[in-house]
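Please open the structure in your viewer and keep the selection panel at hand. Each stop below names what to select next and then says what is there.

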Amino acid sequence: MAERKTITQEYLKSILDYDPETGVFTWRWRDGLPNVCNYRDAGKEAGTLRPTGYRYISIDHRHWAAHRLAYIIMTGEQPVGDVDHINLNKSDNRWRNLRLATRSQNQSNVPCHKRNKSGIKGVHLQKDCGRWVAYITVNRKRLHLGMFATKEEAAKAREDASARIYGEFSRLY
């Protein structure tokens, strides 16, 4: 696996201002840049919103996810693992909306897929027998939780397993 490039808190604070209440990054006046760049950029919001919903900021010809930069600015440390958006809004980079997560935790905090017909993550109807199946994925492995007579029973089994395994990262819908 390729090593991830790093950037320091000190360097970030010298070129960007971050407002933890709004999650907005703005460019600072930077010495060494042509005045035309400073007059064009200083004080303006940094980065662009990508079609994925995440904001990226280009620094020294490299694109950085804004939520990862917020973590570095606020803690002074490189994030180990993922930085999760609690409310699922990928462009909401307020500090209170961000938390460190493992990849598995981050994947558990995603909404129900749009093609899901039951409306509940990890629950589907087994058409050949007319029973509801509950499952949960942990570390890329699907764990069968059982077959149930009703969708509600399957949802309860999935909810209990998710709460036990993922705690605060658990999401059913």
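Begin by selecting Asn93, which counts as buried at 2% relative accessibility, where buried means under 20% relative accessible area, exposed over 50% and partly exposed in between, with a 1.4 Å probe and protein chains only. Asn93 lies in the loop between β6 and β7; helices (H or I, at least four residues) and strands (E, at least two) are DSSP runs numbered from the N terminus. This is a predicted model, in which local features need pLDDT of at least 70 and side-chain atom pairs count only at pLDDT 80 or more, while totals for chains, interfaces and linings use all residues. Residues are numbered from 1 along each chain as its sequence is written, and side-chain values use heavy atoms, with hydrogens and water left out.

Now show what surrounds Asn93: leaving aside neighbours within four places in sequence, Asn93 is in contact (heavy atoms within 4.5 Å) with Tyr18, Gly23, Arg55, Ala66, His67, Ala70, His85 and Leu98.

Next, turn to the aromatic rings. Rings of Phe, Tyr and Trp (its six-membered ring) pair if their centres lie within 6.5 Å, with planes under 30 degrees apart counted as stacked, over 60 as edge-to-face and the rest as tilted; by this rule the count comes to two aromatic pairs. Select Tyr18 and Phe25, whose ring centres are 4.7 Å apart and whose planes stand at 35°, so the pair is tilted. Tyr18 is buried, with a relative accessible area of 12%, and Phe25 is buried as well, with a relative accessible area of 1%. Then select Tyr71 and Trp95, a tilted pair with 6.0 Å from centre to centre and 45° between the planes. This pair links distant parts of the chain, since Tyr71 is in helix α3 and Trp95 is in the loop between β6 and β7 (98–101), 24 residues apart. Tyr71 counts as buried at 12% relative accessibility, whereas Trp95, at 28%, counts as partly exposed.

For the next stop, select Leu12, Leu16, Phe25, Ile57, Ile59 and Leu69, the residues with the most contacts inside the largest nonpolar core, which has 19 residues. Such a core is a set of buried Ala, Val, Leu, Ile, Met, Phe, Trp, Tyr and Cys residues joined through side-chain atoms within 4.5 Å. Two or more residues of this core come from each of α1 (9–15), β1 (16–19), β2 (24–27), β4 (55–59) and α3, and α3 gives the largest share, six residues. Apart from this core lies another, of nine residues, among them Ile120, Val123, Phe148 and Ala155.

Finally, look for open space. On a 1 Å grid over the protein atoms alone, a cavity is a set of points where a 1.4 Å probe fits but cannot get out, and a pocket is an open set with protein on both sides within 12 Å along at least five of seven lines; lining residues have an atom within 4 Å of a point. Select Tyr54, His67, Asp82, Val83 and Asn106, which lie nearest the centre of the largest pocket among its 21 lining residues. At least two lining residues are supplied by each of β5 (62–65), α3 (66–75), β6 (82–85) and α4 (103–108).

To end the tour, select Gln107, Ser108, Val110, Lys121 and Thr137, which lie nearest the centre of the second largest pocket, also lined by 21 residues. Here α4, β9 (131–138) and α5 (151–166) each supply at least two residues of the lining.
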